[in-house]
Amino acid sequence: SLFDQALHTNTNPSTSTTHVMQHLHQQSGVPFAPGTHWHSKFGHLVTYGAGYYSYLYASVFAADIWQTCFAKDPLNRKSGTIYWNEMLRHGGAKDPNLMLKSVLKRPPRVDSFFQTISSNTIH
């Protein structure tokens, strides 16, 4: 993601992508193999665009749904039925924000996601 951000915020068009990658490796203390350019074969940079970050964005909503609806009882039939009826059965035919609000009974929040990543971090 750092490489993607560096490429899309670079204001010097003469900077090579290999130089950007080498600089990021040096910044983060990761060895760089001179004469290589594996990043040019990393299809996500070309085909995904901003969609690459949708995984992280989806994790925010998934954590909120989990904590709100399933954390106390993952097999609760009522919660599962609400999730099915208010979200899954619509596929892509309904506004995702409306589906989230309907499942959560409130607007979505990021708190659960931050709790999840902080509890998964080694201290």
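The model is a predicted one, and its secondary structure comes to seven helices and zero strands, following the pattern α-α-α-α-α-α-α along the sequence. Among contacts between residues at least 6 apart in sequence, 36% join residues at least 24 apart.

The largest nonpolar core has nine residues, namely Phe61, Ile65, Cys69, Phe70, Met87, Met99, Leu100, Val103 and Leu104, and the elements that give two or more residues to this core are H4 and H6. Apart from it lies another core, of five residues, including Val20, Met21, Leu24 and Phe32. Within the largest core, Leu100 is a member whose contacts, once neighbours within four places in sequence are left aside, are Phe61, Ile65, Met87, Lys105, Arg106 and Pro108.

The second largest pocket holds about 180 Å³ of space, and its lining includes Phe61, Ile65, Met87, Met99 and Leu100, residues that also belong to the largest nonpolar core. Helix H4 (54–70) and helix H6 (96–104) each supply at least two lining residues, with H4 giving the most, four residues. The lining divides by class as follows.

| Class of lining residue | Number in the second largest pocket |
|---|---|
| Nonpolar | ten residues |
| Polar | one residue |
| Charged | no residues |

Key
Residues are numbered from 1 along each chain as its sequence is written. This is a predicted model: local features need pLDDT of at least 70, side-chain atom pairs count only at pLDDT 80 or more; totals for chains, interfaces and linings use all residues. Side-chain values use heavy atoms; hydrogens and water are left out. On a 1 Å grid over the protein atoms alone, a cavity is a set of points where a 1.4 Å probe fits but cannot get out, and a pocket is an open set with protein on both sides within 12 Å along at least five of seven lines; lining residues have an atom within 4 Å of a point. Grid points are joined across faces, edges and corners, and a volume is the space filled by probe spheres set on the points. Ala, Val, Leu, Ile, Met, Phe, Trp, Tyr, Cys and Pro count as nonpolar, Asp, Glu, Lys and Arg as charged, and the others, Gly among them, as polar. A nonpolar core is a set of buried Ala, Val, Leu, Ile, Met, Phe, Trp, Tyr and Cys residues joined through side-chain atoms within 4.5 Å. Buried means under 20% relative accessible area, exposed over 50%, partly exposed in between (1.4 Å probe, protein chains only). Contact means heavy atoms within 4.5 Å.
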